[in-house]
Amino acid sequence: MSYRQARHDVPLIYDAFSDDTRSDARSEEYLPESIARKSVPNIPRLCERDMVKHFTDREQMSRAAADMFARTVSAAVSACGHAAVVLSGGSTPRQLYELLAAEPYRSAIGWDKIFFFWSDERCVPEHHQDSNYRLVYERLLSRVPVRQERVCRIPVELGWEEAARAYED
């Protein structure tokens, strides 16, 4: 599945957070009207205006993010039958991915119902130490029961311009 197909066929969790009621805010381009009317109210509102969370350390932040991820994905799967998440690389989410791959999250999340996308990637082979895909795969995806056809990595081996076109199509 491509990113473009997912925008049409799978409710992206980010779209469900918008409190903008303008007609273009929840257009069918991002969230089909049939899904928007039925399922968006069932997905927890996590991104509220002026919401700032303070944490004493990375461990506390990662646990809060894992709880939020589990609640939100579970609600989306319950409401829609599936969910899509956009993942990032780097050192900040590393601990989050490790927590999600361990109990109690490993058993509590319907991993086979999730489509996985990447927000960004470096133009390095997928097994390179700097690859965001590699980080997510090693810390999370290889340790939970995901369906490989739902893992939509950026095809960086095509070069950055072609990879961007291929990823959107």
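The side chain of S131 reaches the backbone oxygen of E126 at 3.3 Å, a polar contact in the sense of a pair of N or O atoms within 3.5 Å, where within protein one atom must be able to donate a hydrogen and the other to accept it, and where residues adjacent in sequence count only if both atoms are side-chain atoms. The model is predicted, so local features need a pLDDT of at least 70 and side-chain atom pairs count only at pLDDT 80 or more, whereas totals for chains, interfaces and linings use all residues. Residues are numbered from 1 along each chain as its sequence is written, and side-chain values use heavy atoms, with hydrogens and water left out.

S131 lies in the loop between β2 (114-118) and α7 (132-139); helices (H or I, at least four residues) and strands (E, at least two) are DSSP runs numbered from the N terminus. At 3% relative accessibility S131 is buried, the classes being buried under 20% relative accessible area, exposed over 50% and partly exposed in between, with a 1.4 Å probe and protein chains only. Leaving aside residues up to four places away in sequence, S131 touches E121, V124, P125 and E126, where contact means heavy atoms within 4.5 Å.

The chain contains eight helices and two strands, in the order α-α-α-α-β-α-α-β-α-α from the N terminus on. Of its 169 residues, 40% count as buried. Among contacts in the chain with a separation of 6 or more, 71% come from residues 24 or more positions apart. The average pLDDT (the predictor's confidence in each residue, from 0 to 100) is 78, and 70% of the residues score at least 70. Over residues 7-42 the pLDDT is below 50, and this stretch has 65 contacts in the model beyond near neighbours in sequence.

Strand β1 (residues 83-87) is largely enclosed by the rest of the structure, because four of its five residues are buried. The strands β1 and β2 run parallel and are joined by five bridges; two strands pair if DSSP finds at least two bridges between them. The bridge partner of L87 in β2 is W118.

Aromatic rings were treated next. Rings of Phe, Tyr and Trp (its six-membered ring) pair if their centres lie within 6.5 Å, and planes under 30 degrees apart count as stacked, over 60 as edge-to-face and the rest as tilted. By this rule the count comes to five aromatic pairs. F117 and Y167 form an edge-to-face pair, at 6.3 Å centre to centre and 75 degrees between the planes. Because F117 lies in strand β2 and Y167 in helix α8 (residues 160-168), this pair ties together parts that are 50 residues apart in sequence. Both F117 and Y167 are buried. W118 and Y133 form a tilted pair, with 5.5 Å centre to centre and 50 degrees between the planes. W118 belongs to strand β2 and Y133 to helix α7, so the pair ties together parts that are 15 residues apart in sequence. W118 is buried at 4% relative accessibility, and Y133 is buried with a relative accessible area of 9%. Ring pairs also link F69, W111 and F116 into a cluster.

F69 is one of the buried residues of helix α4, together with S62, A66, A70, T72, V73, A75, A76 and V77. Helix α4 (residues 58-80) has 23 residues and reaches 32 Å from its first C-alpha to its last, close to the 33 Å expected at 1.5 Å a residue; the expected span is 1.5 Å times one less than the number of residues. The N-terminal end of α4 is capped by D57, with a side-chain oxygen 3.3 Å from the backbone nitrogen of E59. Just after α4, G81 takes a positive phi of about 90 degrees.

Helix α5 (residues 94-100) includes R94, which is partly exposed with a relative accessible area of 33%. R94 touches L135 and R139, residues up to four places away in sequence not being counted. R94 and L140 are 46 residues apart in sequence and 9.0 Å apart in space, C-alpha to C-alpha. In the loop between α5 and α6 (105-108) lies P104, and the peptide bond from E103 to P104 is cis, with omega near 10 degrees. Most residues other than glycine have a negative phi, and most peptide bonds are trans.
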